[in-house]
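Take a look at the sequence and structure first.

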Amino acid sequence: QASCCVVPLPIDLEPQRAAAGLAAACVALACLRHFAPGDTLVVTPGVGAAGMAVAQIAARRGMRVVALLRGSERAAWLVENFGALGGTISAIDCAEEGWPDLAASLLGGPVASGGGADGLVDGCGGAL
């Protein structure tokens, strides 16, 4: 059975912006099909279009998200705006010294000790 989703858009929203949001949501849905409620994901960059879509949809589906990004203001904004969506969203500023230790603590410790995430959604590639 087919289903659809109709979302009202502001009349002054440019078609290019609407299309960009739709594309980011499609990417997020494609990535998240591999994960279930209760899973923990690392998302980088956490404030790019696709990263924000992944974080929002994952949180609504009851997943835990650890978003990696640059800038404490961005981190605060992400958690403030999307942190209460149903899952848990944590944001880590990778420009801060000691961020790998913070990430490990949010993910239950080092992988060698049984910690880690169920998956990584990397929208940028390269070194952090």
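## Cysteines and cores

Cys94 is buried, at 8% relative accessible area (buried means under 20%, exposed over 50%, partly exposed in between, with a 1.4 Å probe and protein chains only). Keep in mind that this is a predicted model, where local features need pLDDT of at least 70, side-chain atom pairs count only at pLDDT 80 or more, and totals for chains, interfaces and linings use all residues. Residues are numbered from 1 along each chain as its sequence is written, and side-chain values use heavy atoms, leaving out hydrogens and water.

| Residue | Relative accessible area | Class |
|---|---|---|
| Cys94 | 8% | buried |
| Cys31 | 23% | partly exposed |
| Leu13 | 30% | partly exposed |

As for disulfides (pairs of cysteine sulfur atoms within 2.5 Å), the structure has 0. For Cys31, the nearest cysteine sulfur belongs to Cys26, 11 Å away.

Now for the nonpolar cores, sets of buried Ala, Val, Leu, Ile, Met, Phe, Trp, Tyr and Cys residues joined through side-chain atoms within 4.5 Å. The largest one has 21 residues, and Leu32, Leu41, Val65 and Ile89 have the most contacts inside it. Helix H2 (49-60) is among the elements giving two or more residues to this core, and H2 gives the most, with 6 residues (helices are DSSP runs of H or I, at least four residues, and strands are runs of E, at least two, numbered from the N terminus). Val65 touches Leu41, Val43, Ala55, Ala58, Thr88, Ile89 and Ser90, leaving aside residues up to four places away in sequence (contact means heavy atoms within 4.5 Å).
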